[in-house]
Amino acid sequence: MITPFGTSVRARLTLFASVAMALLCVAVSSFLLYMLHSSAAHEQRVAVSGAALRVVHLIERDRLPDVLRSGQPSIQVIDDRGQLVSSTQDLAGAPRMSTLEPTRGARMLLETCDLPTYPGQCNVLVVVRVYRPAGDWLVYATQKAVPWYVTPSVPATLLVLSLGLVGLTWFGVSRVVAKTLAPVDRIRAYLAEISAGGGGMRVPVPANDDEIRALAETANQTLERLEAAMEQQRRFASDASHDLRSPITAMRTQIEEALLYPNDTDWPETGRALLASLERLQALVTDLLTLAKLDAGTIAAKEPVDLSELVTVETARHRSKLVVITLQSGVTVTGDRLRLARLLTNLLDNAERHAERMICVTVRRNGQATLEVLDDGGGIAPEQREEVFRRFTRLDASRNRDAGGTGLGLAIARDIAETHGGALTIEDSDRGARFVLRLPLRQG
């Protein structure tokens with residue numbers, strides 16, 4: 001089945017190839033006609049000159065007959081008085097064919113038109129002056145000039161061959177292009193059938209190792225990435241709806257209960273409970289908006305940021321755990337200060353929820369900018385170190401202690417690191433969780 005796309009491409013390529021072949025045939029045919037005409041005209045001049053010279057030999061031997069044997073060239077012999085003394089039978093009684101006379105010892109060979117004997121026709125004319133004691137004689141030999149097409153069969157043959165070559169080109173290119181584009185049509189058909197819920201579908205990969213195979217493999221890789229992104233979006237939407245519903249449901253329950261027993265309700269306590277739920281809801285919405293901006297690929301500001309100065313400012317705020325900082329000066333990166341501050345705050349908030357007594361923050365440079373946040377809590381098992389960076393992920397062992405988190409802080413922190421060309425990982429430590437941020441140093 002040929003699709004409109006395949007038909008359009010096939011028609012354009014076939015037309016282009018056929019036009020190119022037609023132009024080539026015109027050029028080759030013109031060249032062949034020129035060569036054939038040149039060759040035939042040369043042979044004709046040689047033949048007419050040879051016939052004239054044979055008559056000259058007859059004159060010199062005094063063996064010139066009154067009527068020459070008829071042949072292709074027509075010949076007239078004019079004596080020194082301008083009288084016709086001999087000619088071929090076709091010119092018997094005809095007037096003198098030309099008044100052209102070469103100089104003594106010379107010979108004229110030219111192509112001329114409208115001779116008196118041949119009106120409306122172009123002829124090859126050879127004129128030879130023959131020395132005689134009483135006066136020079138003239139020999140005229142002529143023949144109809146070779147036309148540009150040589151013979152009618154030549155252009156007819158070239159036309160038939162050209163049409164055949166153009167037809168073969170049209171047919172061959174059309175078949176080759178159709179066969180070449182068939183895998184593309186199948187890929188297009190499969191892609192057209194893929195819907196939002198059509199996970200697992202892949203386009204067929206041709207057996208030939210060519211550009212179309214590379215296209216199919218790239219399309220399948222793209223489909224895999226899209227499928228993974230869609231699955232992540234579905235999980236994200238499900239988790240987000242669940243986490244958004246929880247504080248809303250809690251607030252609704254508290255209000256309904258208070259309205260059922262308004263006289264027995266401690267309204268200040270209810271207000272404080274609602275405020276806590278609203279704060280959690282606000283934090284969750286803020287994190288969701290931040291993730292949406294990061295997913296949209298909004299370009300962060302590019303400015304120099306001193307990581308040591310940033311840590312000094314962010315750790316000056318009061319926290320429930322002791323914060324110990326170790327800073328190296330001159331650790332400067334290029335990025336968005338607000339987003340980097342958000343990254344650091346998320347790491348500190350996470351460490352504060354899990355630390356027993358102390359949080360250690362270190363900034364140093366070792367070919368790149370490195371920031372570490374280490375807590376003295378229970379730590380994270382190696383097999384769970386990547387899982388904590390997934391959105392809405394809170395490990396079972398820490399759910400009770402992490403009730404104040406949204407499950408998005410570490411995911412946001414990693415996304416910010418990656419938008420700055422860096423990486424955020426969890427590495428080994430003697431105790432607790434050790435988060436390590438690595439960013440390129442600012443050049444210059």
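User: Before we start, what should I know about the model and its numbering?

Analyst: The model is predicted, so local features need pLDDT of at least 70 and side-chain atom pairs count only at pLDDT 80 or more, while totals for chains, interfaces and linings use all residues. Residues are numbered from 1 along each chain as its sequence is written, and side-chain values use heavy atoms, with hydrogens and water left out.

User: Happy with that. Is Gln76 buried or exposed, and which backbone atoms does the side chain of Gln76 reach?

Analyst: First the general idea: buried means under 20% relative accessible area, exposed over 50%, and partly exposed in between, with a 1.4 Å probe and protein chains only. Helices (H or I, at least four residues) and strands (E, at least two) are DSSP runs, numbered from the N terminus. Gln76 sits in strand S2, residues 74-78, and is buried, at 0% relative accessible area. A polar contact is a pair of N or O atoms within 3.5 Å; within protein, one must be able to donate a hydrogen and the other to accept it, and residues adjacent in sequence count only if both atoms are side-chain atoms. The side chain of Gln76 reaches the backbone nitrogen of Met97 at 2.9 Å, and a polar atom of that side chain lies 2.9 Å from the backbone oxygen of Pro95.

User: Now a loop residue. Where is Gln328 found, and which residues does Gln328 touch?

Analyst: Gln328 is in the loop between strand S8 (322-327) and strand S9 (332-335), and counts as partly exposed at 32% relative accessibility. Contact means heavy atoms within 4.5 Å. Not counting residues up to four places away in sequence, Gln328 touches Ser308, Val363, Arg364 and Arg365. With Arg365 there is a polar contact too: the side chain of Gln328 reaches the backbone nitrogen of Arg365 at 3.1 Å. Gln328 and Arg364 are 36 residues apart in sequence, yet 5.1 Å apart in space, C-alpha to C-alpha.

User: How many salt bridges does the structure hold?

Analyst: A salt bridge is a side-chain nitrogen of Lys or Arg within 4 Å of a carboxyl oxygen of Asp or Glu, and the structure holds 18. Let's begin with one inside a helix. An α-helix has 3.6 residues a turn, so residues three or four places apart point the same way. Arg272 and Glu269 are three residues apart in helix H4 (residues 267-295), so about one helical turn separates them; their closest N and O atoms are 2.9 Å apart.

User: Which parts of the chain does the Arg414 and Glu386 pair link?

Analyst: The side chains of Arg414 and Glu386 meet in a salt bridge at 2.7 Å, N to O. This pair links distant parts of the chain, 28 residues apart: Arg414 is in helix H7, and Glu386 is in the loop between strand S11 (369-375) and H7. Arg414 is buried, at 14% relative accessible area, whereas Glu386 counts as partly exposed at 49%. Helix H7 (residues 409-419) is mostly covered, with eight of its eleven residues buried.
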